[in-house]
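Work through the exercises below with the sequence and structure in view. Each task is followed by a solution in steps.

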Amino acid sequence: MANDDPQEARAIARVRNGDADAYDYLVVRHLPRVLAVARGVVRNAHDAEDLAQEAFVRAFENIGRFRPGEAFGPWVCRIALNAALDVMKHRTRFRHVEIAPDDRATRSDDAAVPAMSGEIAARIDAAIGELPDMQRVVARLYLVEEVAQEEIAAITGISEGTVRSHLSLARKKLREKLADLYGHDDA
Amino acid sequence: MPERDDFLERLRNDAAMLRHRPDEATLARIRERIRARVERPTVTELLARWLRPVAAAVAAVAIAVTVGYITIGQSQWQSGVDAGVEISLAGETYRVGY
């Protein structure tokens, strides 16, 4: 994905020249998405914050390797994603706190969301959580974070075709798992 | 997978409340932590800062020792030449260079 934000390109150039202050612009712009990506994998807020922080620090330290003209967001998201997947592989070495139901819904209009919607969302969350690694990552980014397939490809480092393939497999499994909510047929 | 997938659209719609929106305080806290990390010198930079004067001092001492050693060596050689040589031959002693 190409970088279409001239201010971001300038900030990257300044950071490459040793101006650490310029990095804040990149952090502010991309932190929410990086947090969401990390949180989608590790499923708890504290680890996600640590991972997001580490991802930005690593990106800063390796800014020399970043190809000018590329989009910074997917790059730092990919660093966070890989670190998060790594954490999941070595979960026993890390503190693990399952995401609490109260922690799940953070919409500003939570109070107005009927309990039924919360239950459906919880079912979807659980069903996505049971998917294999990459299907889970792709499904969560696409369904929960509403990330476009092109950007998912850039974040995960896989082709758009493979993203579609993972999404298709995830869709099939989710359809089965959530058949009582959405029915069996695609029609 | 069809272009427009009603099932996925409904899933997206129903999963929207799972989307995490971090509050401003959380974002500010992480920003501060990142800022503190990137503005803090790395271990390599700290080592370089500490080692640079040490390396310069060591280099200066090494140069001084080398120059001193060469100078002393030269002066000893010079004084050796200036001192002359005694040669004993068949009971006679010959002195050269005095």
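**Exercise 1.** Among contacts in chain A between residues at least 6 apart in sequence, what percentage join residues at least 24 apart?

Solution. Two residues are in contact if their C-beta atoms, placed from the backbone, lie within 7 Å. Of the contacts in chain A between residues at least 6 apart in sequence, 63% join residues at least 24 apart.

This is a predicted model, in which local features need pLDDT of at least 70 and side-chain atom pairs count only at pLDDT 80 or more, while totals for chains, interfaces and linings use all residues. Residues are numbered from 1 along each chain as its sequence is written, and chains are lettered from A and ligands numbered from 1 in the order in which they are written.

**Exercise 2.** State how many helices and strands each chain has, and what share of its residues is buried.

Solution. Helices (H or I, at least four residues) and strands (E, at least two) are DSSP runs, numbered from the N terminus. Chain A has 10 helices and zero strands. Chain B has three helices and two strands, in the order α-α-α-β-β along the sequence. A residue is buried if 20 or more other C-beta atoms, placed from the backbone, lie within 10 Å of its own. By this count, 38% of the 187 residues of chain A are buried; for the 98 residues of chain B the figure is 10%.

**Exercise 3.** Describe how α8(A) packs against α9(A) and against α7(A).

Solution. Take α9(A) to begin with. Helix α8 (residues 149-156) of chain A packs with α9(A) at an angle of about 105°, their axes being 8 Å apart. Axes are lines fitted to C-alpha atoms over the stretch in contact, and angles run from 0 to 180 degrees between N-to-C directions. Angles of 65 to 115 degrees count as roughly perpendicular; under 35 is roughly parallel, over 145 roughly antiparallel, and the rest oblique. α8(A) and α9(A) are therefore roughly perpendicular to each other. Among the residues making this contact are A:Ile152 and A:Ala153 of α8(A) and A:Val163 of α9(A).

Now take α7(A). α7(A) and α8(A) pack at about 140°, with axes 10 Å apart, and are therefore oblique to each other. In this contact, A:Val137, A:Val138, A:Leu141 and A:Tyr142 of α7(A) meet A:Gln149, A:Ile152, A:Ile155 and A:Thr156 of α8(A).

**Exercise 4.** Which helix of chain A gives the most to the side that touches chain B?

Solution. 39 residues of chain A are in contact with 23 residues of chain B. Helices α2 (23-42), α3 (45-61), α6 (115-129), α7 (133-144) and α9 (160-177) of chain A each supply at least two residues of that side of chain A. α2(A) gives the most, with nine residues.

Terms used: Buried ≥ 20, exposed ≤ 12 C-beta atoms within 10 Å, placed from the backbone.
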